[in-house]
Amino acid sequence: MRTSLFLLFAASALAQTPRPGVNYDETKVGNDPLPDLKLTTAEDWTNKRRPEIFKLFEENVYGRTPTDVGAAKFEVTATKKDALGGLATRKFIHISVPSRPAWPGMDVMLYTPNATKNAACFVGLSFGGNHAVSTEADVPLSTRWMRESKEKGVVDHHATEATRGTESSRWPLEMILKRGFAVATAYYGDIEPDRADGWKEGLRAAVSPEGASTVWKDGEWGAIGAWSWGLSRIADYLQTDAQVDGKHLAVIGHSRLGKTSLWAGAQDARFGIVISNDSGEGGAALMRRDFGETTAIITKAFPHWFTPKYASYAGKAAACPVDAHMLIALMAPRPAYIASAAEDHWADQKGEFLSGKYASPVYALFGKKGVGVEEPPAIDQPVGNFIGYHNRTGKHDVTDFDWTQYLNFAARHWAK
Ligand code: GTR
């Protein structure tokens, strides 16, 4: 009993508190220089340097997204005009790829504000499915594989009624809709279940000529690549929906899905704003800083997220030709927002700030200001112009404070 209580405590504490062998000492983060952005002019950046860096991210970090996945098909399966007490219209859209029948497809939930025509839209994947994002009792329960969670009511790897609304604090739908924005979301596990062999049931096996016996090679895509592909298909659908302004899409994601929103934003310029919430290692945090999670830790725990080559930088991040400031720079000159949480040392808040700071010179090429400050700001003090940044009080999570900044940021950049 004592042992299991201790283990339970240890397991939950591990999420945020120092782990043995993990560095949390700022004096020991190392001082490997960052790869040079080699900046000349905006034109040279757009035509030459950006494509080079993009390719380096494909080869070394996330892998290439196949260009022959096939045309997606969109079916609106349900529409409710008085959702959320009349505040919004809610639609479900099933996205499939008819030429890849082995992939079961994805179910998008779209809320558009009834008071705003042609609304700008936040697009993001969820950890728990549409029924966990929404508090509305008539949202269909996801039937897909999920990570077991007593706390969230996931039993035998499937959602139960108890899972309804369990992610709603991370998706303050009413607050977003009242500000005149739409929200489009889907369960990330629809695209690929998030476990080492999840790809066998997801899009990647359906697309690969070797199917479930594929041996992934350097440069080929991982789960983050597949999830990002899903975000772009949601963007495709949104171009066809008259209630959404398809020219104003903001991609957002938390944690591993923040890594995903960054890679989606790098690949798809239709995401006019790119938001990383606590994305950490393999996302906005500089990999050359040995603080919190490292390349060695993440590639051991989650090899399936990345292209195999990324694991070769375990313990030698400095050998990788890219770092996170270059990932943020791939968004330029589009506005990007990086958020940290003050207790989320695992994600290396300073490393997340610095990627924004060191990406800022690329924005300057376009005559735009990036984060605009040299040092990380005080807790709960948002900064930045074309690169927003804050470090919010609290834990690894998405809160109303985070959303308030994203809504302000989008409203500021997209004022009509
Ligand atoms: C952690 C992982 C982080 C982050 C997080 C999450 O276990 O080490 O990189 O992605 O999961 O997605 O919640």
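Reader: Before we start, what should I know about the model and its numbering?

Author: It's a predicted model, so local features need pLDDT of at least 70 and side-chain atom pairs count only at pLDDT 80 or more, while totals for chains, interfaces and linings use all residues. Residues are numbered from 1 along each chain as its sequence is written, and side-chain values use heavy atoms, with hydrogens and water left out.

Reader: Let's take the ligand. Which residues surround the ligand?

Author: A residue is near a molecule if one of its heavy atoms lies within 4 Å of it. Here the ligand is surrounded by S255, R256, K259, E293, I298, F302, W305, W346 and H396. That shell divides into 4 nonpolar, 2 polar and 3 charged residues. For those classes, Ala, Val, Leu, Ile, Met, Phe, Trp, Tyr, Cys and Pro count as nonpolar, Asp, Glu, Lys and Arg as charged, and the others, Gly among them, as polar.

Reader: Which side chains have an N or O atom 2.5 Å from an oxygen atom of the ligand?

Author: A polar contact is a pair of N or O atoms within 3.5 Å; within protein, one must be able to donate a hydrogen and the other to accept it, and residues adjacent in sequence count only if both atoms are side-chain atoms. The side chain of R256 has an N or O atom 2.5 Å from a ligand oxygen, and the side chain of E293 has one at 2.5 Å too. For K259, a polar side-chain atom lies 2.8 Å from an oxygen atom of the ligand. The protein covers 82% of the 320 Å² of accessible area that the ligand has on its own. Such areas come from the Shrake-Rupley method with a 1.4 Å probe; for residues, only the protein chains shown count as cover.

Reader: Now a helix. Where does α10 bend?

Author: Helices are DSSP runs (H or I, at least four residues), as are strands (E, at least two), numbered from the N terminus. The bend at a residue is the angle between axes fitted to the seven residues ending there and the seven starting there. Helix α10, residues 349-365, bends by about 30° at A359, and a proline, P361, follows within four residues. Just after α10, G367 takes a positive phi of about 75°.

Reader: Is α10 mostly covered or mostly open?

Author: Buried means under 20% relative accessible area, exposed over 50%, and partly exposed in between (1.4 Å probe, protein chains only). In α10, 12 of the 17 residues are buried, including F353, L354 and A359. Contact means heavy atoms within 4.5 Å. The cover over the buried residues includes α2 (42-62), α9 (324-329), β8 (336-341) and β9 (387-392).

Reader: How about D323: buried or exposed?

Author: D323 is buried, because its relative accessible area is 2%. You'll find D323 in the loop between α8 (295-301) and α9. Its side chain makes a polar contact with the side chain of R288 at 3.0 Å.

Reader: And what does H131 reach with its side chain?

Author: The H131 side chain reaches the backbone nitrogen of S142 at 3.1 Å. H131 sits in helix α3, residues 130-133, and counts as buried because its relative accessible area is 0%.

Reader: Which residues is K368 in contact with, leaving aside neighbours within four places in sequence?

Author: They are P333, Y363 and F386. K368 lies in the loop between α10 and β9, and K368 is partly exposed, at 29% relative accessible area.
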